[in-house]
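The sequence and the coordinates are shown first.

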Amino acid sequence: FTVLHVVISMIAIFAGFIVMGGMFSNAGLAGWTAFFLATTILTNVTGFLFPIAGFTPALGFGILSSLLLLVALFALYRQKLTGSWRTIYVVTVLIALYLNVFVLIAQSFQKVSFLKAYAPTGGEPSFLIAQVVTLIAFALLGWMALKKYHPLRLIM
């Protein structure tokens with residue numbers, strides 16, 4: 001089951017980067033967007049199926065990601081990205097993708113022996129640097145996506 005969850009997560013991340021690329025070129029990529037949203041929701045659902053012995057950061061990330069995805073779905077399919085819903089959509093989608101990548105990095109430092117040697121507890125500078133660089137990269141990419149993605153301008 002863990003392998004299935006990881007595969008779904010990796011597919012969601014891949015699709016998310018394609019969706020982000022579509023935002024940079026002002027292309028909606030409706031099929032890829034639906035696929036990203038579905039696989040990210042499936043990642044969250046499968047994550048909730050692991051045994052829960054109490055509140056953990058993973059559970060918190062899953063709840064946050066699920067809430068973000070609900071807002072993104074509403075912005076895209078109900079509000080059609082009109083007005084401020086375009087900004088809300090871009091921000092929620094990119095934060096959901098960032099959370100997936102954050103977990104990928106955290107799991108990589110825990111499970112990949114080469115990386116675990118640099119951050120055995122997850123609190124070492126190498127882990128923190130990787131996460132801060134990723135956060136900064138996503139903030140910059142998000143800013144660029146907000147500036148470039150205006151799907152309604154294509155219609156008008």
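Thr-46 has a relative accessibility of 6% and therefore counts as buried, the limit for that class being under 20%. The model is a predicted one. Thr-46 belongs to helix H2. When neighbours within four places in sequence are set aside, the contacts of Thr-46 are Phe-1, His-5 and Ile-8.

Leu-59 is part of helix H3. With neighbours within four places in sequence again excluded, Leu-59 touches Phe-48, Ile-52 and Gly-54. Its C-alpha atom lies 13 Å from that of Asn-100, a residue 41 positions away along the chain.

**Packing of H1 and H4**

Two packed helices are described by the angle between their axes and by the distance between those axes. For helix H1 (residues 2-24) and helix H4 (residues 85-111), the angle is about 145° and the axes are 10 Å apart. The crossing of H1 and H4 is left-handed. On the H1 side, the contact is formed by Met-10, Ala-12, Ile-13, Gly-16, Phe-17, Val-19, Met-20 and Met-23. H4 contributes Tyr-89, Val-90, Val-93, Leu-94, Leu-97, Asn-100, Val-101 and Leu-104. Sorted by class, the contact of H1 with H4 comprises 14 nonpolar and two polar residues, and no charged ones.

**Aromatic pairs**

With ring centres within 6.5 Å as the criterion, the count comes to eleven aromatic pairs. A pair of aromatic rings is described by the distance of the centres and the angle of the planes. Two of the pairs are set out below.

| Ring pair | Centre distance | Plane angle | Class |
|---|---|---|---|
| Trp-32 and Phe-35 | 6.0 Å | 80° | edge-to-face |
| Phe-109 and Phe-127 | 5.4 Å | 90° | edge-to-face |

The pair of Trp-32 and Phe-35 is edge-to-face because its planes stand at 80°, and the class requires over 60 degrees. Trp-32 and Phe-35 both lie in helix H2 (residues 30-48), three residues apart, or about one turn of the helix. Trp-32 has a relative accessibility of 35% and so counts as partly exposed. Phe-35, at 38%, is also placed in the partly exposed class.

The pair of Phe-109 and Phe-127 has its planes at 90°, so it is edge-to-face. Phe-109 lies in helix H4 and Phe-127 in helix H6 (residues 125-148), so this pair ties together parts that are 18 residues apart in sequence. Phe-109 is buried at 8% relative accessibility, and Phe-127 is buried at 11%.

Ring pairs also join Phe-17, Phe-61, Tyr-98, Phe-102 and Phe-138 into a cluster.

**The nonpolar core**

Which residues have the most contacts inside the largest nonpolar core? They are Met-23, Phe-36, Leu-37, Tyr-89, Val-90, Val-93 and Leu-97, in a core of 31 residues. At least two residues of this core come from each of H1, H2, helix H3 (57-78), H4 and H6. H4 supplies the largest share, twelve residues.

Val-90, one of the residues with the most contacts inside the core, also takes part in the contact of H1 with H4. Apart from neighbours within four places in sequence, Val-90 is in contact with Met-23, Gly-142, Ala-145, Leu-146 and Tyr-149.

Methods
Residues are numbered from 1 along each chain as its sequence is written. This is a predicted model: local features need pLDDT of at least 70, side-chain atom pairs count only at pLDDT 80 or more; totals for chains, interfaces and linings use all residues. Side-chain values use heavy atoms; hydrogens and water are left out. Axes are lines fitted to C-alpha atoms, for helices over the stretch in contact, and angles run from 0 to 180 degrees between N-to-C directions. Helices (H or I, at least four residues) and strands (E, at least two) are DSSP runs, numbered from the N terminus. A crossing is left-handed if the near helix is turned anticlockwise from the far one by less than a right angle, and right-handed if clockwise. Contact means heavy atoms within 4.5 Å. Ala, Val, Leu, Ile, Met, Phe, Trp, Tyr, Cys and Pro count as nonpolar, Asp, Glu, Lys and Arg as charged, and the others, Gly among them, as polar. Rings of Phe, Tyr and Trp (its six-membered ring) pair if their centres lie within 6.5 Å; planes under 30 degrees apart count as stacked, over 60 as edge-to-face and the rest as tilted. Buried means under 20% relative accessible area, exposed over 50%, partly exposed in between (1.4 Å probe, protein chains only). A nonpolar core is a set of buried Ala, Val, Leu, Ile, Met, Phe, Trp, Tyr and Cys residues joined through side-chain atoms within 4.5 Å.
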